Amino acid sequence: MIWTERLNTRLGRLDAGGAALEVLHWAHSDALLDNVSHRHAYFEVCLVGAHGAGIYTLENRAQPIASGDVFFSRPGFVHRIRNSAEPR
């Protein structure tokens with residue numbers, strides 16, 4: 001069983017630094033392809049992996065992202081990730 005499958009067996013409430021979070025799904029991709037503009041009804045938290053780089057666009061504002069960056073997509077806001085790194 002890969003580590004994300006193990007995490008997904010224990011979904012639910014997560015207490016982090018005094019904040020209570022509801023985890024709906026854990027996911028990981030070694031080579032994330034570009035995605036289309038979309039929005040969610042929940043917060044999405046992303047961590048750019050060791051070999052990742054790209055452009056994160058939120059409401060038509062582009063922001064470069066690189067390895068180690070963490071960013072949040074707020075509910076209801078249109079966003080997109082475009083990969084600019086070569087998969088390893």
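Contact here means heavy atoms within 4.5 Å. The legends below describe a predicted model, in which local features need pLDDT of at least 70 and side-chain atom pairs count only at pLDDT 80 or more, whereas totals for chains, interfaces and linings use all residues. Residues are numbered from 1 along each chain as its sequence is written, and side-chain values use heavy atoms, with hydrogens and water left out.

View 1. Once its neighbours within four places in sequence are set aside, A85 is in contact with H51, G52 and A53. The C-alpha atoms of A85 and L58 are 20 Å apart in space, the two residues being 27 apart in sequence.

**View 2. The whole chain, for orientation.** The protein chain holds 1 helix and 7 strands, which run α-β-β-β-β-β-β-β from the N terminus on. Its C-alpha trace spans about 35 × 30 × 25 Å along the principal axes. Of the contacts with a separation of 6 or more, 48% are between residues 24 or more positions apart. Of the 88 residues, 18% count as buried, that is, they have under 20% relative accessible area, whereas exposed means over 50% and partly exposed in between (1.4 Å probe, protein chains only). The accessible surface comes to about 6,900 Å², and 55% of this belongs to carbon and sulfur atoms; such areas come from the Shrake-Rupley method with a 1.4 Å probe, and for residues only the protein chains shown count as cover.

**View 3. The aromatic pair of Y56 and F71.** The structure holds 1 aromatic pair, formed by Y56 and F71, which is tilted, at 4.5 Å centre to centre and with 45° between the planes. Because Y56 lies in strand β4 (residues 53-58) and F71 in strand β6, the pair ties together parts that are 15 residues apart in sequence. Both Y56 and F71 are buried. Rings of Phe, Tyr and Trp (its six-membered ring) pair if their centres lie within 6.5 Å, with planes under 30 degrees apart counted as stacked, over 60 as edge-to-face and the rest as tilted.

**View 4. A nonpolar patch on the surface.** F43, V45, L47, V70 and F72 form this patch, with about 560 Å² of accessible area together. Strands β3 (44-47) and β6 (70-73) each supply at least two of its residues, and F72 is found in β6. Patches are made of residues with over 30% relative accessible area and no salt bridge, like charges being joined within 9 Å and nonpolar side chains (Val, Leu, Ile, Met, Phe, Trp, Tyr) within 5 Å.

**View 5. The loop between β4 and β5.** Most residues other than glycine have a negative phi. E59, in the loop between β4 and β5 (61-66), has a positive phi of about 50° although it is not a glycine, and N60, also placed in the loop between β4 and β5, has a positive phi of about 65°. E59 is partly exposed at 38% relative accessibility, whereas N60 is exposed, with a relative accessible area of 78%.

**View 6. Charged side chains.** The count comes to 1 salt bridge, defined as a side-chain nitrogen of Lys or Arg within 4 Å of a carboxyl oxygen of Asp or Glu. R13 forms a salt bridge with D15, with the closest N and O atoms 3.2 Å apart, and both R13 and D15 are exposed. R74 lies over the face of F77, at 4.0 Å from the ring centre, where a charge sits over a ring if NZ of Lys or CZ of Arg is within 6 Å of the ring centre and within 35 degrees of the ring normal.

Note on methods. Helix = DSSP H or I, 4+ residues; strand = E, 2+ residues; numbered from the N terminus.
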